Amino acid sequence: MKSQLGALAFVAIASSQEQNPTNSLHKEKRIPLSLRLPNPRPRDDPIVCPCADTTLCEVVSHKPDREIFGFDTFAQWNEGKGYDFDTITTIAWGEGGGDLICTAHANNVRVIASTNPPRTGNQDDIDSYIQATILSMKQNFYDGITFDWEDAVEGLDDPVNAIYVDVIDQTNKALKAVNPNYQTSVCAAWSPLGIDGRFYDYKSLATATDYLYVMCYDTRSQIFYQCVASANAPITVCQKGIQDFLELGIPASKLILGIPWYGYRYECVNEDAALDNPHCELAQVPFRGVNCSDACGSQQSYSGAQAIIRDGDNGTSTKGPVWRDPYLNVQFFNYIMHNDENQTMYQTWIDDVVSLSEIYKWVKEMNLGGTGPYTWSYLDSTGPGEQQALDMWEALKLAI
């Protein structure tokens with residue numbers, strides 16, 4: 001039962017998927033339950049540091065001026081190839097108990113796990129969950145946890161809101177009592193105004209933890225206007241969302257603006273779809289009561305999208321012009337895969353150095369608590385896209 005988690009998870013498995021499998025069509029970033037962190041080992045098992053320098057197994061105490069906080073991909077860090085450890089401050093969904101801990105800690109970088117706490121309101125469940133969480137964090141040398149629950153609730157007065165705040169508050173206090181350097185955060189929708197039915201008590205959640213990681217991506221999960229392809233995380237939407245949080249009285253220093261190192265690929269269903277036609281109409285795939293959503297598309301990594309722009313005409317696909325929306329400042333393009341017998345016309349919208357640089361500079365201007373991507377691993381740091389990856393890391397420094 002989800003009220004008896006008894007362990008941290010490498011990634012947060014949204015309970016919406018457990019309760020309503022149809023919602024899983026909308027998000028590709030969830031992974032199978034089999035990849036949850038195993039239950040804590042028996043308490044009398046020895047805890048063995050994997051690092052040659054055992055001081056690297058201590059909880060990171062360094063406090064950066066601004067968090068550069070992002071997610072690993074499905075707990076596979078690829079030995080950190082291409083990771084800029086001089087820039088990163090926190091790796092969420094990172095693999096504990098191994099080489100990543102040693103490398104990250106040697107660079108004062110935190111590695112934190114993700115967890116989905118019980119929402120039963122039963123104190124025995126909460127106590128059991130907290131005990132298991134603390135033990136698992138010690139055994140795997142984690143530096144903190146991030147809470148990622150994304151179910152819809154029945155409005156601001158839904159009793160589950162108070163239950164969710166309470167279990168997080170209790171967990172945060174228990175962790176800080178063990179080690180004040182443990183970091184806690186909550187993943188938040190891009191705005192507190194009931195996005196996808198998430199009418200959470202964000203002000204109380206911010207009070208109960210160190211940070212809110214504001215996920216300014218998948219902002220087209222519910223499209224209330226023209227059902228056409230568009231940007232995943234335009235700066236205007238991110239700015240509006242952050243302003244909404246600030247108006248709740250949440251300090252800017254508590255807000256980490258999460259940004260995507262991925263875009264969306266959509267199939268264009270309009271009859272006049274063509275490589276040189278920027279207009280791309282979408283099939284209507286509903287999400288939480290709204291008929292049009294980005295559920296009709298699929299996430300495409302930065303490296304994957306840039307490979308098509310860079311190499312698309314060399315045997316894998318044929319692409320059209322690369323446009324940049326003059327208002328949203330985001331690039332997009334059409335292409336057809338050569339191996340597709342149906343000659344399906346796709347349109348990809350992808351943030352890049354140009355669009356993200358403006359967001360990073362705004363984060364610094366607003367003195368937010370930080371920024372960082374979903375995910376670190378969506379760059380091609382060791383292949384043909386290496387220079388583009390280096391440019392992305394350099395742009396990220398604009399937020400510091």
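Are Cys-227 and Cys-292 buried or exposed? Both Cys-227 and Cys-292 are buried, where buried means under 20% relative accessible area, exposed over 50% and partly exposed in between, with a 1.4 Å probe and protein chains only. The model is predicted: local features need pLDDT of at least 70, side-chain atom pairs count only at pLDDT 80 or more, and totals for chains, interfaces and linings use all residues. Residues are numbered from 1 along each chain as its sequence is written, and side-chain values use heavy atoms, with hydrogens and water left out.

**The chain as a whole**
- The chain has 9 helices and 13 strands; these are DSSP runs numbered from the N terminus, helices being H or I with at least four residues and strands E with at least two.
- Of its 400 residues, 59% count as buried.
- Among contacts (heavy atoms within 4.5 Å) with a separation of 6 or more, 73% are between residues 24 or more positions apart.

**Disulfides**
- The chain has 5 disulfides, each a pair of cysteine sulfur atoms within 2.5 Å.
- Cys-227 and Cys-292 form one of them, with their sulfur atoms 2.1 Å apart.
- The torsion about the S-S bond of Cys-227 and Cys-292 is about 90 degrees, so this disulfide is right-handed.
- Cys-216 and Cys-238 form another, also with sulfur atoms 2.1 Å apart, and this link is left-handed, with -100 degrees about the S-S bond.
- Because Cys-216 lies in the loop between β6 and α6 and Cys-238 in helix α6, the pair ties together parts that are 22 residues apart in sequence.
- Cys-268 is joined to Cys-280 by a disulfide with an S to S distance of 2.1 Å, and both residues are buried.

**Helix α6**
- Helix α6 covers residues 235-247 and reaches 18 Å from its first C-alpha to its last, close to the 18 Å expected from 1.5 Å times one less than its number of residues.
- Its buried residues include Ile-235, Cys-238 and Phe-245.
- Among the elements that cover the buried residues of α6 are β5, β7 and α8.
- Gly-249, which follows α6, has a positive phi near 90 degrees.

**Strand β13**
- In strand β13 (residues 370-374), 5 of the 5 residues are buried, so the strand is largely enclosed by the rest of the structure.
- Strands pair if DSSP finds at least two bridges between them; β7 and β13 run parallel and are joined by 5 bridges.
- Strand β1 also runs parallel to β13, with 3 bridges, and Ile-68 stands opposite Thr-371 in β13.
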